[in-house]
Amino acid sequence: MPRGYLELTLNPKDSEVDHISATNFNCDILLSPDLSTFRVLPWTEQTARVICDSFTILGTPLLTSPRHIAKQQLSQLQDNGLSLRSAFTYEFCIYSIAEIVNSKTISFPAASILNSYDQPFIQELIEGMYHAGANIESFSSSTWPGQMEISFHPEFGIGAADTAFTFRTGIKEMAKKYNYIASFFAENGFYNSGIL
């Protein structure tokens, strides 16, 4: 895949990004699957996911890959006799499908999710995440219509980051099936309430 998809450094130092240049930025990278992350995705048919580690075409780890950086940090902890146990809490909004008004897209919060919940959507979300390996600790609505908060059980090592990736991708895919949009975008509008 193109290297630019994983290049996240905003203001790189040469030593951090292996002398990134236009040539390096546009080159290909190799993906090596971490088979321990293989999960069948219950919210879509005949589909599974596996999280990959990224390497340059010469076989060296891509230094700016978030997964590589996380593994380096975990290795440093382990070298000092420590381990990391962490968890994520996501706050996000669920919107009904956007309407087109004057060539601009406007999203309206799905108020029913705050008040009475869309039970089939919520049930598929919770069960789907569990079967995909994301162990949910709590799930609740927040201040405004459509605002939700979800927390996961703590995990050791890279597991918490893998869970966060699984959830962020999965909720967008599941929301689409129910004609919703899941957004983690921090908006400045009426429905933000400061939590995002």
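1. A residue is called buried when its relative accessible area is under 20%, exposed when that area is over 50%, and partly exposed in between, using a 1.4 Å probe and protein chains only. By this rule Y90 is buried, with a relative accessible area of 14%. F88 is partly exposed at 32% relative accessibility.

2. The structure is a predicted model, in which local features need pLDDT of at least 70 and side-chain atom pairs count only at pLDDT 80 or more, while totals for chains, interfaces and linings use all residues. Residues are numbered from 1 along each chain as its sequence is written, and side-chain values use heavy atoms, with hydrogens and water left out.

3. A pair of aromatic rings is described by the distance of the centres and the angle of the planes. Rings of Phe, Tyr and Trp (its six-membered ring) pair if their centres lie within 6.5 Å; planes under 30 degrees apart count as stacked, over 60 as edge-to-face and the rest as tilted. The whole structure holds nine aromatic pairs. One of them, F88 with Y90, is stacked, at 6.1 Å centre to centre and 20° between the planes.

4. F167 and F184 form an edge-to-face pair, with 6.3 Å between centres and 85° between the planes. F167 lies in helix α6 (residues 159-177) and F184 in the segment after β12 (180-183), so this pair ties together parts that are 17 residues apart in sequence. Helices (H or I, at least four residues) and strands (E, at least two) are DSSP runs, numbered from the N terminus. Both F167 and F184 are buried. Ring pairs link F88, Y90, F92, F152, F167 and F184 into a cluster.

5. In soluble globular proteins, nonpolar side chains tend to be buried together. A nonpolar core is a set of buried Ala, Val, Leu, Ile, Met, Phe, Trp, Tyr and Cys residues joined through side-chain atoms within 4.5 Å. The largest such core here has 23 residues, and those with the most contacts inside it are Y90, F92, I94, M129, F167 and I171. Two or more residues each come from β6 (89-96), α5 (119-131), β10 (147-152), α6 and β12. Helix α6 gives the largest share, five residues.

6. The C-alpha atoms of F92 and I150 are separated by 8.6 Å, although the two residues are 58 residues apart along the chain.

7. Side chains of opposite charge can pair when their charged atoms come close. A salt bridge is a side-chain nitrogen of Lys or Arg within 4 Å of a carboxyl oxygen of Asp or Glu, and the count by this rule is five. D53 bridges to R67, with the closest N and O atoms 2.9 Å apart. D53 belongs to strand β4 (residues 52-56) and R67 to helix α3 (residues 66-79). D53 is buried at 17% relative accessibility, and R67 is buried at 9%.

8. D53 also forms a salt bridge with K71, the closest N and O atoms being 3.0 Å apart. K71 lies in helix α3, so the pair ties together parts that are 18 residues apart in sequence. K71 is partly exposed, at 33% relative accessibility.

9. K177 in helix α6 and E124 in helix α5 are 53 residues apart, and they form a salt bridge whose closest N and O atoms are 2.8 Å apart. K177 is partly exposed at 47%, whereas E124 is buried at 18%. Salt bridges that share partners join D34, D53, R67, K71 and D162 into one network.
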